Amino acid sequence: ILAQAAAAEPPPLALRASCVELVAAGMTGGRRSLGRPAWPLLMLGAPAAAVRALRAVDGGSAGWQVDDALPGVDLQRFQERLANSSRDAYDFVCSISHQVVREPVLTSAQQTYDKKHIQAWLSRKSTDPITGTSLKIDQVLVPNQFVRAELASIIEKYPDVLHSSGVDVRKRFASRRCHSWCAVCRGDQGPFWFTRRAGGKRGCTSVTVVPRNKEPYDLATEIRRRVDRELERALEYESEDELFFEFSRASNDFVKCSAIGSRFRLGCPWSRGKFAQCFSTPTHRKLRQCFAAREICGPKGVESLEVVKSKSLAEEEAARLRCLGPGAAP
């Protein structure tokens, strides 16, 4: 079972939750209630075995990558289409790859590059390719939302600029069921943009979180990393109190945030009045608790949530720009 779980992407949350409970019970000498027969504890025998099981379940997620790129564009056709317009094709070309950007990001020098190419550049050099300004290898690369939206509008107007082997963007949005979200938090956190994609037969389990002026991340992977950090700290110091509480809270956040991958038939994650019934479902309660996770809004929780039902790539990127603003590098 664990071998099958390790090969799954994402790993089964129910199996992972069981392993978390086994770890918790083992860390507290079996005094923590499992809420079910304790015979699996006898089989595993020790916290270390449960930890190995937990990591086996998580093994399949080690290679998760955040996919936040736009479709590939043919530079020659792109230049031909913009030849008689007010837009300059080279405003959308990465000066490293000399190709149209797919994931435009800003450096601290306020220059825009394609993300994978500037990352490769920074692995070898420590200066901005255009300005020569000193950059760090761990430079925060902020998505340039304005360039994304402009490029998406050009693709919408001239769909033939896309690579012939690329994704049919119009078809993807025509049959779309996993809508994006714009979340505004209480306090000074956020806003956040959630790109939800189908990751299986029953849900939208591939969730990319795009914060304002920060790098996007995969939500499940980010919380799992916190679970692992807290687990190792708790085992290292053999604490049953504060460190265990942090591990338990991170584990609960991981399970609660599975609700973000759910499909909502009413068309809104929650609202009042007409759709008041969706406010009280277990999935929606989990969703509210998820937004209080450290990786999103924090303890103050979410203020409002907009469901973005885009019919095209241009609509999607325009809504993302409204949600997050144009982007500004630190």
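1. L106 is positioned opposite V142 of strand β3. Two bridges connect β1 and β3, and these strands run antiparallel. Helices (H or I, at least four residues) and strands (E, at least two) are DSSP runs numbered from the N terminus, and two strands count as paired if DSSP finds at least two bridges between them.

2. The model is predicted: local features need pLDDT of at least 70, side-chain atom pairs count only at pLDDT 80 or more, and totals for chains, interfaces and linings use all residues.

3. The β1-β3 pair belongs to an open sheet of three strands, in the order β2-β1-β3, with antiparallel pairing. Its edge strands are β2 (112-114) and β3, each of which pairs on one side only.

4. K115 lies in helix α6. Is K115 buried or exposed? K115 is buried because its relative accessible area is 10%, where buried means under 20%, exposed over 50% and partly exposed in between (1.4 Å probe, protein chains only). Leaving aside residues up to four places away in sequence, K115 touches E103, V105, L141, E215 and P216; a contact requires heavy atoms within 4.5 Å.

5. Helix α7 (residues 145-157) comprises 13 residues and spans 19 Å from its first C-alpha to its last, close to the 18 Å expected at 1.5 Å a residue. That expected span is 1.5 Å times one less than the number of residues. The buried residues of α7 are Q145, V147, R148, A149, L151, A152, I154 and I155. They pack against α5 (75-82), β1 (104-106), β3 (142-143), β6 (206-211) and α12 (313-324).

6. Which residues have the most contacts inside the largest nonpolar core? They are V73, F78, F92, V100, I118, L151 and I155, in a core of 28 residues. Such a core is a set of buried Ala, Val, Leu, Ile, Met, Phe, Trp, Tyr and Cys residues joined through side-chain atoms within 4.5 Å. The elements giving two or more residues to this core are α5, α6 (115-122) and α7. Helix α7 supplies the largest share, five residues. Apart from this core lies another, of 26 residues, including L219, A259, F264 and C290.

7. Not counting residues up to four places away in sequence, V73 touches F78, V100, I155, V161, L162 and H163.

8. Strand β4 (residues 180-185) is joined to β5 by three bridges, the two strands running antiparallel. C182 stands opposite W193 in β5. These strands form a hairpin with six residues between them, and G187 in the turn has a positive phi of about 85 degrees.

9. Strand β5 (residues 192-197) is mostly covered, five of its six residues being buried. On to β6, β5 has six bridges, again with an antiparallel run; the bridge partner of R197 in β6 is S206.

10. Overall, the protein has 12 helices and eight strands. Buried residues account for 45% of its 330 residues. Of the contacts between residues at least 6 apart in sequence, 63% join residues at least 24 apart. The accessible surface is about 17,400 Å², with 51% belonging to carbon and sulfur atoms; accessible areas come from the Shrake-Rupley method with a 1.4 Å probe, and for residues only the protein chains shown count as cover.

Technical notes. Residues numbered from 1 in each chain as written. Heavy atoms only, no water.
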